[in-house]
Amino acid sequence: MEMKKKKESATRIYREKLLEQKAQVERSVLSSVEQGRKFDAEDLIDPADQAVLSYQRELMFSEGTNKRTHLSLIRLALKRLNDGTYGECLMCGDTISPKRLEAVPWTPYCIGCQEKVESGEADEAELAA
Ligand SMILES: [Zn+2]
């Protein structure tokens, strides 16, 4: 009984962190979309500026993509919290260390699997739920 309570309060902390992070990323996605619009509105520029602008737009686009990926990781983590599978590595099923969850609460992998994914040793698990 005590164990369960302890687990529930940890879950609540992760949930709060995730929700906070989600709000933050959503806000910054919105502001980069707005910036993109501002650039589109400026059509009275010479070709040199145009090149700079399209480069900036590209940068913003990839930044936006990263944020969207981040956002979907956060959403999936929240879903795992609801499902009660939060904290289990999607790849090997091991428990992800609480320290790691505290630092990156949206991570789907334990540190070992994360390293394998990053080094290309392992394919990323199917994240879409
Ligand atoms: Zn793992």
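**View 1. Lys-116 counts as partly exposed, because 17 C-beta neighbours lie inside 10 Å.** A residue is buried if 20 or more other C-beta atoms lie within 10 Å of its own, exposed if 12 or fewer, and partly exposed in between; C-beta atoms are placed from the backbone. The model is predicted: local features need pLDDT of at least 70, side-chain atom pairs count only at pLDDT 80 or more, and totals for chains, interfaces and linings use all residues. Residue numbers start from 1 along each chain as its sequence is written. Lys-116 sits in helix α4 (residues 111-119). Helices (H or I, at least four residues) and strands (E, at least two) are DSSP runs, numbered from the N terminus. Leaving out residues up to four places away in sequence, Lys-116 touches Glu-121 and Ala-122. Touching, or contact, means that the C-beta atoms of two residues, placed from the backbone, lie within 7 Å.

**View 2. The chain holds 4 helices and 0 strands.** From the N terminus on, its elements run α-α-α-α. Of the 129 residues in the chain, 12% are buried. Take the contacts between residues at least 6 apart in sequence: 58% of them join residues at least 24 apart.

**View 3. Helix α2 covers residues 47-83.** After α2 comes Gly-84, with a positive phi near 80°.

**View 4. The largest nonpolar core has 12 residues.** Such a core is a set of buried Ala, Val, Leu, Ile, Met, Phe, Trp, Tyr and Cys residues joined through C-beta atoms within 7 Å. Its members are Tyr-14, Leu-18, Leu-73, Ile-74, Ala-77, Tyr-86, Ile-96, Leu-101, Trp-106, Tyr-109, Cys-110 and Cys-113. Helices α1 (2-41) and α2 each supply at least two residues of this core. The largest share, 3 residues, comes from α2. Domain 1 (1-86) and domain 2 (87-129) each give this core at least three residues. These domain bounds come from an automatic or database domain assignment.

**View 5. Ala-77 touches Leu-18, Tyr-86, Pro-105 and Trp-106.** That list does not count residues up to four places away in sequence.

**View 6. Val-33 lies in helix α1.** Is Val-33 buried or exposed? Val-33 is exposed, because 11 other C-beta atoms lie within 10 Å. Val-33 and Gly-64 are 31 residues apart in sequence. In space, their C-alpha atoms are 8.0 Å apart.

Notes:
Expected span 1.5 Å × (residues − 1).
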